[in-house]
Amino acid sequence: MSITRREFLQAAGVGVGAATLTGAIGNLRNLRQIITIDNPLSYYPNRDWEDIYRDQYRYDRTFTWVCSPNCTHQCRLLAFERNGVVTRIEQAYDVDRYKDLYGNQATVSWNPRGCNKGLSFHRRLYSPYRLRHPVIRKGWKQWADDRFPYLTEELRTRYKFDARGSDELIRVEWDDAFRYIAGALTNIAKTYSGDEGARRLAEQGYEPEMIADMEGAGTRTLKFRGGMGLLGVTGKYGMYRLCNSLALLDARIRGTDEHTAKAGRTWSNYTWHGDQAPGHPWVHGLQAADCDFNDLRSSKLIVMSGKNLVENKMADAHFFVECMERGAKIVVISPEYGAPSTKADYWIPIRPNSDTALFLGIAKWIIDNKKYDATFVKQWTDFPLLVRTDNLKRLRPQDIFPDYVLKDISKGPSYTEHGLKEDQRIKVGDFVVWDTRTNSPVAITRDDVGNNLPEQRIDPALDGTFTVTDVNGNEVEVKTLFEMYRVHLEEFDLDTVHEITHAPKDLIVRLAEDLATIQPAAIHQGEGINHWFHATLVNRATYLPMMLTGNIGKRGAGVLAWAGNYKAALFQGSDWSGPGFKGWVAEDPFHLSLDESTHGKDIHAHAYFKDEEPAFWNHGDKPLVVDTPKYGRKVFTGRSHMPTPTKSIIFNNVNLLNNAKHAYDMLKNVNPKVELIVSFDIQMTSSIEYADFGLPANSWLEFEGLEITAACQNPFLQIWGGRDNAVTPLFDSKDDIEILAGIGRALAKEVGDTRIADMWKFVNEGNRNVYIQRLLDSCTTTAGYQLDDIMSGKYGEPGAAMMLFRTYPRIPFWEQMHDDVPFYTDHGRLAAYSDLDEAIEYGENFIAHREGPEATPYLPNVIVSRNPYIRPDDYGIPLDSMGWDERSIRNVKMPWADVKNTTNPLWQRGYQFYCLTPKTRHRVHSQWSDVDWHLIWDSNFGDPYRMDRRMPGVGEQQLHINPQAAKDMGIEDGDYVYVDANPADRPYRGWRPDDPFYRVSRLMLRAVYNGAYPYNTVMTKHGSFLATERSVKAHETRKDGRALSQKTGYQSSFRYGSYQSITRNWHMPMHQTDTLFHKSKASMSFLFGGEADNHAVNTVPKETLVKITKAEDGGLGGKGVWNPGKKGFAPDDEDDFMKQYLAGSLVNVAKPKV
Amino acid sequence: MNGLVSFFFQFRIKESSVVVFVDRQLTEKIVLRVVDDARRRGDHPMSDEYHDATVNFYDLPKRDRASAFDTLHRDMFDRFGFPSLVKELLDDFPILREQVGSVLIGSASSGKDESVDLDTGVNHTDRKRRIGMRLQPERFIDLIRLRQRLRVEWLQLQDTIDPTFQYDTSQRWDDLPPMEQNILRDRYGALWNIAVEGRLARQFGENERARMNLLDQFNRLYRKHPDNVRDVVFQRLWDEGVTPHPSLVALTENRRAFGEFYSGRSVESLSDEREQDISEEIVPNVGDPCPLCRFPTYRWVIRAATLNGEGAKTVGVGEIFERIQAEHPNWKPEYGVCERCYERYELLSTVPPQSERAQQCR
């Protein structure tokens, strides 16, 4: 046995030998004869050496491709290939050549496009962390090989459904993978179909409403998610096409037909990411308002409210920067002094989660100072509409006019442009204003907006309380909403707003003045707002100043939401163009168009699937159901949102489990009940570590056929890929659409129905472009384009063109303002009020400031108001109840004077830090999380040499913390800290200290001093790769300490835990109504209630409070203080030199003597 | 052995069969460093000598130049006295002198990379052991300090083969989490260093600086023990002859052994009681792992005892301790618990059961 203490001898021998050998070769090279010359200036004998430098950049060919992550840019980039290897990537500078069908051409100002992510994509392409071949979980395979016995608790354990993270992933051939997956889908659908299936699910504890929503179809337990499908409409959104084909599976299992068959559930993207501004549909009825980025140049005032245009819109941020050159004013509202604040004319620091109060205060200032645009307010907002003070509902003509008949608007834009249907028209009804000309109430329709109102000689009153007599002879008090808002806003005087928000009073007034006087003005909001439970209220409140000043529908104006490339609506269908995007994802499997020449408009679309929010799966796989003291069991989730039990999850292009809030709860408590988890990805992710299948997809640079995408913030249609414009796939991977088709073929065989395979006919025949052409044919934005023309470069760079928009840049609500067409709300106006029963019951009929259900020092979820027209129901939930669902639905109204004397019990316990989790400039969500360059750049602890072997990789996740706050807790700059949230349910429900999984899931990371953050606010970037059982084991057992999973090769960004250790899902009741009237996302039509990505539960990862405690010293190896923190350059440790530098006094320039 | 000759210079030790191999490149680096250092100190004759010798090498045929440099470097290295240093060290440590057949010296790129080790010798034809050292070139500038440093290392090497030390290479702490392993290894290392430095101090004279450093380290690692106990234990380790490996392990692992050693008794018999004794640590230490979750913590919740160190502490409530004990029968409130674990049991009663019941996977 060796007693070598450090295994020196072996290492020394090899090391020294190798070094010597290298030296010898080097010496030989230097033995070349030296040529003697007289004058090197006149003659230089050998310049061959210069070729070394020239050859560094030599390439064999170039091609363009599209970098298509969920960043909203979709930049076409230029790849340089040498010897079959992409050696570098550059910006293409090609946008100025892009044209549309009519000859419109993009401005050269879009150039250059691309950022550090795209330019380093070859580091991902050739990364050691690629998923190289299909893998299957060993225990799952055994379950399948045992012919899928029904999974009792005992069998779940035997087949390791409750221990996926410690099971083995083994290689499987593609055809076998397809066969296994098809077999499982069939088995699961059978198991949970019919009465027997319902009985089993009830026995497993699912809520009865979930089971009822299945209507007997086991296929409804099969969930599919094309990760941000717009990023690749055929391959990614194709996932939903696969889902739709399961109607044929249901038909075979239950004997249903095309009228009764049901497919699976399609999971959302935008809302589940928390990217949507959920208040937008409440204000204007549209999924989201956003413009093309070059519209930013037109703004005279740009306000970033919880939005970081610098770091999160890197490719096109220059348009906002141009505003500075053009003299526009820039304002940033955020808790921290961040990158955009450095560009701002002024920065308004604000307490996290309190922005509603700020905008209410600004609205009050504008109204009190009569700075509003009365004409705009009367013509385009609901402020003049009359509201009954008895029941808080809007006054309807039929309330006061006997035998009132709805006005005929069938020739108006509601019908002709928006696709309003007759039943919807009846349900929406008409409205009443008080006409000042006649001094009486008059009925108006949703088409009576803009100039249509004065043309009817109606001048609605903005102020006033009136008494009307209803059709039963009762007197009813009514008020204009404007009048009611005066009452509502009384609470939000300057002092109160300052107390609630912590924003300086002078800056509140300054912003109010600027918004009231500078036009056009735009407010940009992002995840800094949308990731909070009450984002809906903030979004609605943000519109108030713009509604009052008419900053809507013009160049450079509006309230714009910037997060997530969500916009399936870019491939919009309509009566005239055809089904659009729906023709691809929801082509009717019973009536397939198998003729290649079929025009896209003629495709028969029928969605047998039903969309669903993964938020429900993410909430213990249940809807919002609470046992209330007042009413007993109460279901808050509307029928249109109701989830079904989750038994299978297939997803692509998304690190679903890594990005799930409360991720460790999902892994521990929820997923053991899921019987099939399949992830398609280009790299090894934590999702695959906890999946049953990992299927390797081709990367954007390896696409073997064409793919199509577009972006929500530019007008560019991008098509790329194919053998001539890609590199040969490096591994045993496939294009997403080929994987989907493979599953389809196997399922067809399993079920015995060739129509399932025919869903992919043109893919199977190597002719997938047929589907792209059909898509182009049938969308309002692409109808008329021929794929061949686009690929031949007719519209600029081959593959690129401009989508057909009415204006360039695209301006939201331009049509409303210019054509006098209504907004997409029930009354056709911008809404400051909602009279839905739910809104009134929840106390959100007015735009009110509420404290968060968790992230607040005060009573969780309290409504801050004295307004007598807010009458919420608290359901009898006690004020001290700390259950998460109870807090979500406890609607208690209090004036600020009382609220400020309340305390959140968690805050009292020391959970006194808001934790912001924004996006980093070095990743796109979790993509690029394992790229060495980005890991090094992304934190203060990046170190390619890993001098400190505690580091999980060459980079490390860090928590930005106010230096004084850290010092008060005994935390030095660079120390490792624990970040813990509510111990009642995080990191997962039922955690125990001695559970090995707790060791995996508790968040530990580096603290870094950053004086830009206020005392009670910390920040850690989101998206990095969470610690798994395998990565923690590797970290604790590998000699080098890397968190690199054995066998799978997964590289975690954390030693322990993840930022998801502190998050959870919150079921926001206002996101779950069946009654909200709004526009469908991908067609010119309306709907009531839920639609995924549109009106649905948004996840809100920032809704948490954390406690921070020291874990380990930051110095090398855990000893002493982290050295860079004590070099005199770090925050709060500045030496004299650094202080002089910061003060700008290093160099004193003497004034010249005059 | 022959393969080494290509990369190493070979030096014979007078009156010994021990051969010293020094990496040729390291030799060159050391010679250049010493010459340069001499020049900086104003010792120009050495610098002149080197340059006078080497300038002629450039007149030699190219094929002969390298060997000329090698010869010069080897001779100067020898003259500087490094092989003699090895001889002195061997004389200081007779057990090593008897068992070691060769010493191999390689180059280290940084302090972290430096090492001194001993192999088993089973792979060598003479069955003699080999000492391997990886050192930075600058170490050779100050031979006195280098000798001091190597004495510590070599005495530890000698301990590992000295039967009275009873060195045992089996890995005792592999079953523990790395952080706990680190704590135990730090403690063990400190104890061994104290014993070794104490013996060297008696043999070669007091090294006060080393003693103070070790005392600081020892006090930090054993903060929980009263000052007077620590002082006695430290002094006993320093003064004792060879403190055997099992005793050092026992002192590392358990508190009772520490007390026994303080009382002047033998502690070897306690070395197998680690599992039990570790859990009997009465006063938790800041930075120690929580007995429940095993994460190191600086925030303890304890019953009433004093916490050592600067970390925050809270006196816990009996009812919560009872809840903890219900799930962890072997745990006692005296052990303390980290704040996080404590809260977990504290909050169990405040969340309405319906939230838990309704959402828990059934």
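Colleague: What does R147(B) touch, not counting residues up to four places away in sequence?
Modeller: R147(B) touches L85(B), E88(B) and L89(B). Contact here means heavy atoms within 4.5 Å.

Colleague: Before we go on, what kind of model is this, and how is it numbered?
Modeller: This is a predicted model, in which local features need pLDDT of at least 70 and side-chain atom pairs count only at pLDDT 80 or more, while totals for chains, interfaces and linings use all residues; side-chain values use heavy atoms, with hydrogens and water left out. Residues are numbered from 1 along each chain as its sequence is written, and chains are lettered from A and ligands numbered from 1 in the order in which they are written.

Colleague: Back to R147(B). Where is its place, and is R147(B) buried or exposed?
Modeller: R147(B) is in helix α7 of chain B. Helices (H or I, at least four residues) and strands (E, at least two) are DSSP runs, numbered from the N terminus. R147(B) counts as buried because its relative accessibility is 18%. The cut-offs are under 20% relative accessible area for buried and over 50% for exposed, with partly exposed in between (1.4 Å probe, protein chains only).

Colleague: How do α5 and α7 of chain B cross?
Modeller: The axes of α5(B) (residues 82–92) and α7(B) (residues 143–161) come within 11 Å and cross at roughly 40°. Axes are lines fitted to C-alpha atoms, for helices over the stretch in contact, and angles run from 0 to 180 degrees between N-to-C directions. The crossing of α5(B) with α7(B) is right-handed, meaning that the near helix is turned clockwise from the far one by less than a right angle.

Colleague: Which residues make that contact of α5(B) with α7(B)?
Modeller: From α5(B), they are F82(B), L85(B), V86(B), E88(B), L89(B), L90(B) and D92(B). From α7(B), they are L143(B), L146(B), R147(B), L150(B), R151(B) and W154(B). Nine of the residues in this contact are nonpolar, four are charged and none is polar. Nonpolar covers Ala, Val, Leu, Ile, Met, Phe, Trp, Tyr, Cys and Pro, charged covers Asp, Glu, Lys and Arg, and the others, Gly among them, count as polar.

Colleague: What about chain B as a whole?
Modeller: Chain B has 16 helices and eight strands. Of its 362 residues, 51% are buried. Its mean pLDDT is 81, and 85% of its residues reach 70 or more; pLDDT is the predictor's confidence in each residue, from 0 to 100.

Colleague: Which element of chain B has the lowest mean pLDDT?
Modeller: Helix α13(B) (residues 274–278) has the lowest, at 42, while strand β8(B) (residues 337–338) has the highest, at 92. Over residues 269–282 of chain B the pLDDT is below 50, and that stretch has 30 contacts in the model beyond near neighbours in sequence. Residues 351–362 of chain B are also below 50, with 38 such contacts. Where pLDDT is low, the predicted coordinates should not be read in detail.

Colleague: Switching to chain A. What is the order of the open sheet with β25 in it?
Modeller: The order is β24-β25-β26 in chain A, with antiparallel pairing. Two strands pair if DSSP finds at least two bridges between them. β24(A) (706–709) and β26(A) (800–802) stand at the edges with a single partner strand each, so one side of each has no neighbour in the sheet. The twist averages 20° from one strand to the next.

Colleague: How many bridges join β24(A) and β25(A)?
Modeller: Four bridges, in the antiparallel sense. L706(A) stands opposite G721(A) in β25(A). Helix α33(A) (residues 769–778) lies across β24(A) and β25(A), at about 25° to β24(A).

Colleague: And I719(A), buried or exposed?
Modeller: I719(A), in strand β25(A), is buried, with a relative accessible area of 0%. Not counting residues up to four places away in sequence, I719(A) has contacts including R76(A), L706(A), I772(A) and G799(A).

Colleague: Where are the cis peptide bonds at P112(A) and P520(A)?
Modeller: The bond from N111(A) to P112(A) has omega near -10°, and P112(A) is in the loop between β3(A) and α3(A). The bond joining Q519(A) and P520(A) has omega of about -5°, and P520(A) is in the loop between α23(A) and β16(A).
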